[in-house]
Amino acid sequence: MELCVGKLQVKCFSDILNRISDSDLSRLTCSTIPLLCYWKDSAAGIRAILQGIHAEFAEPSRLCFEYPVKSASERSKPSFTDVMYCSKPISLAIEGKWKEGRYQTVCQWRTQGNIENRQRVLKHWKGCVVPRSSGIGCIDNVVYQMLHRTASACTQESDKVVVLYQVFHDSSPKGVDYGKDLKTLTEAISPRGNLEIWLQDIRIDKTELYDDLEKEIKRICGSQDSVKRKASIVRKAISGGELFRFEVRRLRRFGCK
């Protein structure tokens with residue numbers, strides 16, 4: 001399996017770590033941290049998910065981190081999927097979530113900024129989904145990020161594509177109800193059989209190494225190079241130890257009867 005960051009091929013997980021932005025690694029509450037820890041053994045990670053969704057690993061294949069898919073125009077930001085697995089039989093667009101709040105709905109997003117351009121962007125993302133949909137209805141209440149992550153999956157030339165949200169939480173899950181939002185997405189886009197929407201519920205427990213890392217990060221003052229220093233420490237910790245213990249609680253598909 002080929003490994004990539006963006007669309008650049010790399011040799012190993014260390015190369016992936018080194019190409020993730022300092023800003024994403026300098027905040028221990030960022031979902032990038034548990035996501036990268038989970039994907040340290042990339043081959044085992046993707047095989048476990050494929051087994052869970054009743055699919056098979058196939059070669060040739062690629063596993064890409066921060067995978068970009070172009071938007072409607074150069075003025076519009078691409079959609080960057082956290083992890084994208086691509087093969088001929090199946091592609092998976094995987095989005096990691098931990099402590100972040102709920103993102104804007106389509107209705108909220110399209111009424112801000114350059115409204116004309118945003119309408120054009122929405123039309124583009126919907127157009128990507130249409131070939132794998134039985135008919136797109138009202139998307140006002142769909143979380144905008146979920147829409148363009150789904151569109152990114154649908155641009156892959158695979159027989160089947162899957163959108164999967166990896167949601168990490170501790171023993172007392174709180175915050176965003178991703179199940180509810182994925183249900184809203186599924187009802188709005190009416191996926192055909194070659195598009196599936198899934199939620200992976202993962203409990204995480206912080207290790208002593210995480211606690212030690214948290215203390216070390218807090219000791220770094222707000223100097224000009226603090227972000228770079230923090231990111232360097234976090235990279236070393238992820239590479240050399242175990243920050244979390246993972247327990248996959250549930251894999252749930254939406255829209256199936």
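Author: Start with strand pairing: E3 and E4 are antiparallel partners joined by eight bridges. Two strands pair if DSSP finds at least two bridges between them. Helices (H or I, at least four residues) and strands (E, at least two) are DSSP runs, numbered from the N terminus. This is a predicted model, in which local features need pLDDT of at least 70 and side-chain atom pairs count only at pLDDT 80 or more, while totals for chains, interfaces and linings use all residues. Residues are numbered from 1 along each chain as its sequence is written, and side-chain values use heavy atoms, with hydrogens and water left out.

Reader: Which residue in E4 is the bridge partner of Phe 65?

Author: Val 83 is that partner. E4 also pairs with strand E5 (residues 90–97), antiparallel again, by four bridges. There Tyr 85 stands opposite Leu 92, and a hairpin of two residues leads from E4 to E5.

Reader: How many residues of strand E4 are buried?

Author: Buried means under 20% relative accessible area, exposed over 50%, and partly exposed in between (1.4 Å probe, protein chains only). In E4 (residues 79–87), eight of the nine residues are buried, so the strand is largely enclosed by the rest of the structure.

Reader: Is Ser 31 buried or exposed?

Author: Ser 31 counts as buried because its relative accessibility is 9%. This residue sits in the loop between helix H2 (22–25) and H3. A polar contact is a pair of N or O atoms within 3.5 Å; within protein, one must be able to donate a hydrogen and the other to accept it, and residues adjacent in sequence count only if both atoms are side-chain atoms. The side chain of Ser 31 makes one with the side chain of Glu 100, at 2.9 Å.

Reader: How many cavities of 30 Å³ or more does the structure hold?

Author: A cavity is a set of points on a 1 Å grid over the protein atoms alone where a 1.4 Å probe fits but cannot get out; lining residues have an atom within 4 Å of a point. Grid points are joined across faces, edges and corners, and a volume is the space filled by probe spheres set on the points. The structure holds two such cavities.

Reader: Which residues line the second largest cavity?

Author: Its lining is Ile 20, Thr 32, Leu 35, Leu 36, Phe 65, Glu 66 and Asp 82. Helix H3 (32–38) and strand E3 (61–69) each give two or more of them, and H3 gives the most, with three residues.

Definitions and conventions: 1 Å grid on protein atoms, 1.4 Å probe; cavity = no way out; pocket = protein on both sides within 12 Å on 5 of 7 lines; lining within 4 Å.
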